[in-house]
Amino acid sequence: MGTGSWRRLPPGNLFDCPNGSQWVMDTFHECAQDGRDMASIILGLLSILCFAAASFPQFYQACKTGIMDQALSIYFLLGWLGGDLLNLIGSFLADQLPLQVYTAIYYVLADLVMLSLYCYYKVKNRGGSTAPINAAFGFLSLGTLSTVSFLGRGGAVAQDSLTFKGRSLLSAHADELGLKPFNRSEIIGFTIGSISSVLYLCSRLPQIYTNYKRKSTVGVSYSLFALVMLGNLLYGLSVLLKNPEPGQGEGDYVLHHLPWLVGSLGVLSLDVVISFQFLAYRRGSHSSHEEREALLES
């Protein structure tokens with residue numbers, strides 16, 4: 001989850017960005033004129049790293065326990081995938097930089113791996129064949145990559161007319177924002193970002209209920225939620241630290257970024273609830289694990 005809309009400038013062109021950092025301009029095509037802007041960029045990059053690494057602990061936990069289908073809610077995974085898909089669509093609509101596009105693709109592929117593991121253990125624990133799951137995962141991955149290639153070739157028309165301001169570090173920006181109503185492109189971006197944020201928020205509720213119903217968090221990696229919490233915190237700080245556009249007030253700046261701030265900070269608060277569940281159900285983890293081993297032996 002990166003910052004919202006920043007003004008994108010031609011590489012190496014400091015005319016519209018006096019006293020701006022040259023290396024930031026060359027690398028990210030963004031204007032960073034002071035320490036506040038630099039801190040925003042660094043925090044945004046760190047948030048991307050947190051989100052990129054978040055899935056690996058859960059992959060390991062799934063292979064270690066073999067009960068991913070019981071530990072995670074399918075609606076949690078589908079909600080997360082839906083939010084990342086909207087992020088990927090927005091990255092093409094806004095003609096974002098390669099870093100953002102590749103990151104968005106990675107998020108979707110990581111979600112597909114997570115969903116495939118869920119289905120794999122769901123079938124395996126019921127004694128069925130896992131071959132169809134493996135084939136479906138390969139098909140979905142190839143389909144995603146093919147769709148990305150198609151959008152990359154055919155998105156030039158949309159790129160000139162639409163602006164998306166969502167879960168990305170360095171969003172494109174077509175118009176200078178001031179104290180004025182939302183234009184058409186901003187409304188589209190605002191709508192997509194709002195739906196994406198709602199999906200991220202709603203995805204946590206089924207997982208909270210699943211943990212409560214099981215009275216256990218065995219099979220769920222806390223590192224997954226810890227990294228996502230850190231990523232959301234860094235993302236929110238990066239948005240709030242970024243200087244508004246010239247002529248734009250702080251209040252108007254926050255309004256234009258409100259869906260993603262609500263999404264990131266709202267998800268952060270729900271992940272805190274899940275963190276308390278890990279503490280509350282910690283004592284029951286061993287007994288639940290022993291019960292599962294006894295059932296497998298029998």
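Predicted model: local features only at pLDDT ≥ 70, side-chain atom pairs only at ≥ 80, totals over all residues.
**Overall architecture**

The secondary structure of the chain consists of 13 helices and zero strands. Read from the N terminus, the order of elements is α-α-α-α-α-α-α-α-α-α-α-α-α. The chain has 298 residues, of which 50% count as buried. Among contacts between residues at least 6 apart in sequence, 77% join residues at least 24 apart.

**Helix 2 and helix 10**

Two packed helices are described by the angle between their axes and the distance between the axes. For helix 2 (residues 35–53) and helix 10 (residues 222–241), the axes come within 8 Å and cross at roughly 160°. Angles over 145 degrees count as roughly antiparallel, and helix 2 and helix 10 are therefore roughly antiparallel to each other. Their crossing is left-handed. On the helix 2 side, the contact is made by Arg36, Ala39, Ser40, Leu43, Gly44, Leu46, Ser47, Cys50, Phe51 and Ala53. Helix 10 contributes residues including Leu227, Val228, Leu230, Gly231, Asn232, Leu234 and Tyr235. Further along helix 10, Leu237, Ser238, Leu240 and Leu241 also belong to the contact. An α-helix has 3.6 residues a turn, so residues three or four places apart point the same way.

**Helix 3 and the residue that follows**

Helix 3 covers residues 55–65. Its buried residues are Ser55, Pro57, Gln58, Phe59, Gln61, Ala62 and Thr65. Just after helix 3, Gly66 adopts a positive phi of about 75°.

**Individual residues and cysteines**

| Residue | Relative accessible area | Class |
|---|---|---|
| Cys63 | 54% | exposed |
| Cys119 | 28% | partly exposed |
| Tyr253 | 2% | buried |

Cys63 is classed as exposed because its relative accessible area is 54%, and the cut-off for that class is over 50%.

Tyr253 is situated in helix 11, which spans residues 250–256. With a relative accessible area of 2%, Tyr253 is buried, because the class applies under 20%. Tyr253 and Asn243 are ten residues apart in sequence, and their C-alpha atoms are 8.7 Å apart in space.

Terms used:
Residues numbered from 1 in each chain as written. Heavy atoms only, no water. Buried < 20%, exposed > 50% of the residue type's maximum accessible area, 1.4 Å probe, protein only. Helix = DSSP H or I, 4+ residues; strand = E, 2+ residues; numbered from the N terminus. Contact = heavy atoms within 4.5 Å. Axes fitted to C-alpha atoms, helices over the stretch in contact; angles between N-to-C directions. Parallel < 35°, antiparallel > 145°, perpendicular 65-115°, else oblique. Left-handed = near helix turned anticlockwise from the far one by under 90°.
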